[in-house]
Amino acid sequence: MSPTPKTVSELAAHVGGRLFGDGDISINRVASLDSAGEGEIAYVEEGKPFAAAASSKASCVITPVGTDVKVPCRIEVKNPKLAFALMAELLHPRKQRQPEIHRTAVISPAAKIGNDVFIGAFVCIGENSIVGDRTQLRAGAKIGDNVSVGNDCVIHPNVFLEDGVTVGSGVILHAGVVIGADGFGYVRGEMSYHKFPQIGTVIIEDDVELGANTCVDRGALGRTRIGRGTKIDNMVHVGHNCDIGERVVIAAQTGISGSVIIEDDCVIGGQVGFGDHVRVLSGAIIGSKAGILPGKIVRPGVWWGIPIQPLEEYKRLNAHISRLPRVRQELKELTERVKILEAQLSKDEE
C-alpha cells in the first residue's frame, strides 16, 4: 500500500470535520499517537488521556468535537476512530495491479473474463465461470465451474471457489479461504455412515471480507448465504445452509453448525460455538468462547458463557463461582463445629 499524500484540509473535508490549524500541511500516512511523527496523522477518542495527544509529534491529531486539546493542528469530528479509518483508506489505497493474465494460468475457453482483470501465476478458472471487471485473482487461486465473481474483488493466493458458487462485487477473500466445500452431513446406516447430498450452493454478497483459512460450506440442498457488508475473521467455519445477515462481524475461530441464522448487525466474539438450527436476532452481541445450544433463539442484548446467558447473569454467576473456595472452607469449619457441638450435647445427656 503506497502512501498517497493529502493536505490536512483535504482530509478534513473527506470526513466532514472541522479544521483548526494550517490546512496546507501535507500528510503521508496514519500512525498511532505514541509513534506518529512529521507528515503523519493520529487520533484520540473520548475518554482517552488527552495529554498523550498534546505530547504527540504527529503533524495533525483527530479529536472529538468540543475537546480542547493543545496541539498545533487538529480536526474535530464526532467519531475520531471512524474518521481515522476513512482517512487511512484515502492515504493507503489498496494495491492495484496492472491488468495481466499470467502465462501459467489455466483458463477454460468457456469462461468469461471482464475488463482490466489481474490473473496471477497458476490460477485456474473452470468452464462457464465469470470474472468481473477489475477483479484480482492472485497466485494459485482456483475458480471452479459455473462460478460467478463480481467486479472489484480481491481473491488472495490459494483461495478455492468450488463449482457453482456466487461471489458479489467488492469482496475480499484472504489466503486459504474455501467457499463451497461439502457440508458435514451423514446418515447412519446399519454398519456405516452414508453421505447426505451436498448439492446446494453458496452466495457471498457485495462488500464481504473473509479472513485467512475461513471455510463456508455449500448448502446441502439449498444455499449458504453471507450477507452484504459482513466481515468474518480468520479460521471461522460456516456450516451448510447457514444464513448470515448484513453487516455481521464474526471474530476468529468461531464454529457455526448447519442451518444457523444470524440476522443483520450482530456481533460474534472469537471461539464462539453454535449448535445447529440456532437463530440469533438482529442486534445481539455474543461474547468470546460462548456456547449456544442447538435450536436456541438468541434475542437482542449482550450474551456470554456456556450455555449463553445475559451478561449481567453471567457476571453474577462468575462472582459466586469465585467465592466457592471460601464457601467450601467455611462449610468445612461449620461441619467441624457441628460435630463438636453434637459431641458436647451427647456428653451432657449422659
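Keep in mind as you look around that the model is predicted.

Now for the overall build. You can count 41 strands in the protein, along with 5 helices. Its radius of gyration is 28 Å, while the globule rule gives 20 Å for 350 residues, so the protein is more spread out than a compact globule. You can see that in the box filled by the C-alpha atoms too, which is roughly 105 × 75 × 30 Å along the principal axes. Take the contacts between residues at least 6 apart in sequence: 19% of them join residues at least 24 apart.

As for the inside, 40% of the 350 residues count as buried.

In soluble globular proteins, nonpolar side chains tend to be buried together. Here, the largest nonpolar core has 51 residues, and the ones touching the most other members are Leu 161, Ile 179, Ile 262, Phe 274 and Ile 286. Two elements give two or more residues to this core: strand S24 (201–204) and strand S37 (284–286).

Zoom in on Leu 161 for a moment. Leaving out residues up to four places away in sequence, Leu 161 touches Lys 142, Ile 143, Gly 144, Val 147, Val 149, Val 167, Leu 173 and Ile 179. There's also a second, separate core, made of 17 residues, with Val 15, Val 77, Ala 83 and Met 87 among them.

How values were computed: Residues numbered from 1 in each chain as written. Predicted model: local features only at pLDDT ≥ 70, side-chain atom pairs only at ≥ 80, totals over all residues. Heavy atoms only, no water. Helix = DSSP H or I, 4+ residues; strand = E, 2+ residues; numbered from the N terminus. Rg over C-alpha atoms; globule rule 2.2 N^0.38 Å. Buried < 20%, exposed > 50% of the residue type's maximum accessible area, 1.4 Å probe, protein only. Contact = heavy atoms within 4.5 Å. Core = buried A, V, L, I, M, F, W, Y, C linked by side-chain atoms within 4.5 Å.
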